[in-house]
Amino acid sequence: MAIQATYLGMPLDLNDLDVENLAYFKYCAAHDFHLQACAKCGLLRYPPTTACPWCAHLESRWQAVDARGTVHSYTEVHHAIQPAFKKYVPYLVLLVDLDTQKAKPGEHEALRVLANLATPDGVLAPPDMVRKVGIGTRVRMVFADVAPGLAIPLWTLDETATQPAKPWRYPQE
């Protein structure tokens, strides 16, 4: 079933042909993080796709994944091109290495998931929180409910994890 909604004033549309993303967001709507696992090689993948990026096998199953990890990289946005994000600048887009499936399929690889930094209640993070986050920061997933059947996955600080004394950040002006 197609999903149409609005998030921060922006229209969102997942049509009936987008089977993988509809399934992914169905789990997110239940605040339950699942990723596809290849039925042949067993590797998890993100983002959702029709075939395994490692072995090209077409069959997969959805598997619950612990949505905790470490910031691998980030970008700090100071000029919001999308007007809906203007009141949230600066905001962070985080690339997070999940604790699950590290060093697979290769030694320097990880399962990496992209999302914005948010408060624990799913609101884009305020500037004081943005300044605390850098490479090495520990985060966990939270969800922003958008519409029935749709929630946006976001990252927030993992208050149960030991945080680095000073996470690496790009030099500030």
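A residue counts as buried here when its relative accessible area is under 20%, and as exposed when that value is over 50%. With that cut-off in hand, helix α1, which spans residues 19-29 of this predicted model, has Glu-20, Leu-22, Ala-23, Tyr-24, Phe-25 and Cys-28 among its residues as buried positions. These buried residues pack against β1 (3-7), β2 (10-14), β3 (34-38), β5 (60-64), β9 (138-147) and β10 (150-157). The helix is followed by His-31, whose phi is positive, near 55°.

Two of the strands that the buried residues of α1 pack against, β1 and β2, run antiparallel and are joined by five bridges. Within this pair, Ala-5 has Leu-12 of β2 as its bridge partner. The hairpin has two residues between its strands, and Leu-8 takes a positive phi there, near 50°.

The open sheet is built from five strands in the order β8-β7-β6-β9-β10, with antiparallel pairing. Its edge strands are β8 (112-116) and β10, each of which pairs on one side only. Neighbouring strands of the sheet are turned by 35° against each other on average, when direction is ignored. Helix α1 packs on this sheet, where it touches β9 and β10, and the direction of the helix makes about 65° with that of β10. Strands of a sheet pair through backbone hydrogen bonds, either parallel or antiparallel. Inside the sheet, β6 (residues 68-77) and β7 (residues 91-98) are paired in the antiparallel sense over eight bridges, and Glu-76 stands opposite Leu-92 in β7.

| Strand pair | Bridges | Residues facing each other |
|---|---|---|
| β1 and β2 | five bridges | Ala-5 and Leu-12 |
| β6 and β7 | eight bridges | Glu-76 and Leu-92 |

A further site lies in helix α2 (residues 127-130), which contains Met-129. Met-129 counts as buried because its relative accessibility is 10%, a value to be read against the cut-off of under 20%. Leaving aside neighbours within four places in sequence, Met-129 is in contact with Leu-117, Ala-118, Thr-119, Thr-156 and Leu-157.

Conventions
Residues are numbered from 1 along each chain as its sequence is written. This is a predicted model: local features need pLDDT of at least 70, side-chain atom pairs count only at pLDDT 80 or more; totals for chains, interfaces and linings use all residues. Side-chain values use heavy atoms; hydrogens and water are left out. Buried means under 20% relative accessible area, exposed over 50%, partly exposed in between (1.4 Å probe, protein chains only). Helices (H or I, at least four residues) and strands (E, at least two) are DSSP runs, numbered from the N terminus. Contact means heavy atoms within 4.5 Å. Two strands pair if DSSP finds at least two bridges between them. Axes are lines fitted to C-alpha atoms, for helices over the stretch in contact, and angles run from 0 to 180 degrees between N-to-C directions.
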